[in-house]
Amino acid sequence: MRQDVTLSTQENTDPNQLPEKPISIVEKLINVLRSELGQERYEMWFSHSEPVVNDAANHRVTFQADNEFSIRRIQQSFGAEIRQTVNRVCGPQTQILFLVAQDDCAELEDVAPQGDVQQSIPFGGSEDYAARSLRRVIPTLRTFQFPPESKLLKGAVAQLFESPGQYSPLLVYGPTGSGKSHLLEGMVLEFRRRLRLKRCVYVTAEQFTTEFVGSLRQTGLPVFRRKFRDLDLLAIDDIQFLAGKKATLDEFQQTLDNLIRTGKQVILSSDRSAMELGELGADICARISAGLCCSTMYPDLEGRINIAKTMCQVREFSLPTSVLEMVCEKLPRDVRRISGAINRLQAYAATFGDKITIEFAHEVLQDLFSMTGPSCTSMVSIEKAVCEFCRVKPNELKSSSRQKRISTARMLAMYLSREYTGSAFSEIGAFFGGRSHSTVIAAQKKVEKWLDSDERLTLPHASFPAKEAVRRLESNLRIG
């Protein structure tokens, strides 16, 4: 049932003038939103006969659309503007829901920033549905676990809030599953909360490309450029996916130039450093390098345990500390696997009613654990990872060439094979070009010497400290 609270209007003291009609909360929301978005964009996405419903009794506002695609697009594209409008008109404690009109079973999501954990609440749904509603974690800086190796990144993030635009662009790079998306979303939310910036946008590179292509076909470039250039903060995730998209890269470069020139903050993320982003073009790489580039890695054991505890809290699922620690020790890298493990344990517990013990958890998760151990790493996968990282060909790796770039790659491959495959020296030598076991021993000792002194290795595309090179290869191989 629609409940509209009216805004009080000033009493009319002129007896010859008709009294003004009070403006409802819904009308006020619509007017402000239309002003924020512009008439054209508002009509395109909010043309439903009753796009906004105010439930004053429960302090929540529902935004409706005719189908799931439209309501998802509204939430993703206009979530920030809607939050700001509701805060201004109804107050920051008001909950925001998104609903497919006349669909009681439609999933709703709350974008209220109050607290880290929000629960989806059905509008007109059943109690059964409410009990099954999924909870989600809103990424915040407080819940992000900075790895011990990422002290520079932690300091840079703190400095950004003191002097926005000083390090612009900021590039955060690291392997898949190390929390880059979480960090970027958390920084955007923190900017809005702490600095009260009006225009903050977080998008993936894919979303940026999709909106750019859509603007060429439908809305026009002026609308697209107003959205992405009239900002205080722009965060783009996974920019490596822009590679090969020439028109999008040209637009991205112009957007980057505009924001940097006006002193605004740009935050980017990638799975590789600026020196390895040559596919984006020399001009863009130069602009990124002129800012600040910080690496991040997978969280350590303590960080993974804290993340797992948060996951359990969100799911309202209790796991013994000993089981959590065992899971985090056995799954040392991508935290998505920890999430999958907790989901599986919860499903088994709900289905069979068994108490979760270490033995039970180990049996249920055996296949996940086996995927992360060194036994799953082969010399073939090591050869592929080293060739990609060092930019050499497999036949060069196995050749008799003593060129420095090839011999460096070959020694790294032999070292990793000895560390993570359990193969004998003779087997490794035979695989990498029929070499003797003494050659493999010498290669292992050489790489260990590089690691002890953290010697800098010069590769065709970049130069890395030995520890960083080995760490990246391990990340690519997903071994610990």
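In the predicted model, helix α11 is followed by E316, which has a positive phi near 55°. Local features require pLDDT of at least 70 and side-chain atom pairs pLDDT 80 or more, whereas totals for chains, interfaces and linings use all residues. Residues are numbered from 1 along each chain as its sequence is written, and side-chain values use heavy atoms, without hydrogens and water.

Helix α11 covers residues 301-315; helices are DSSP runs of H or I with at least four residues, strands are E runs of at least two, and both are numbered from the N terminus. The 15 residues of α11 reach 21 Å from the first C-alpha to the last, close to the expected 21 Å at 1.5 Å a residue (1.5 Å times one less than the number of residues). Buried residues of α11 (under 20% relative accessible area, with over 50% counted as exposed and values in between as partly exposed; 1.4 Å probe, protein chains only) are G303, R304, I305, I307, A308, M311, C312 and V314.

The structure holds twelve aromatic pairs (Phe, Tyr or six-membered Trp rings with centres within 6.5 Å; planes under 30 degrees apart are stacked, over 60 edge-to-face, the rest tilted). The F144 and F146 pair is edge-to-face because the ring centres lie 4.7 Å apart with the planes at 80°. F144 is buried at 8% relative accessible area, while F146 is partly exposed at 23%. One aromatic cluster is formed by F208, F212, F224, F228 and F252.

The charged end of R194 sits over the ring of F161, 4.5 Å from its centre (NZ of Lys or CZ of Arg within 6 Å of the ring centre and within 35 degrees of the ring normal). For K398 over the ring of F431, the charged end is 4.3 Å from the ring centre.
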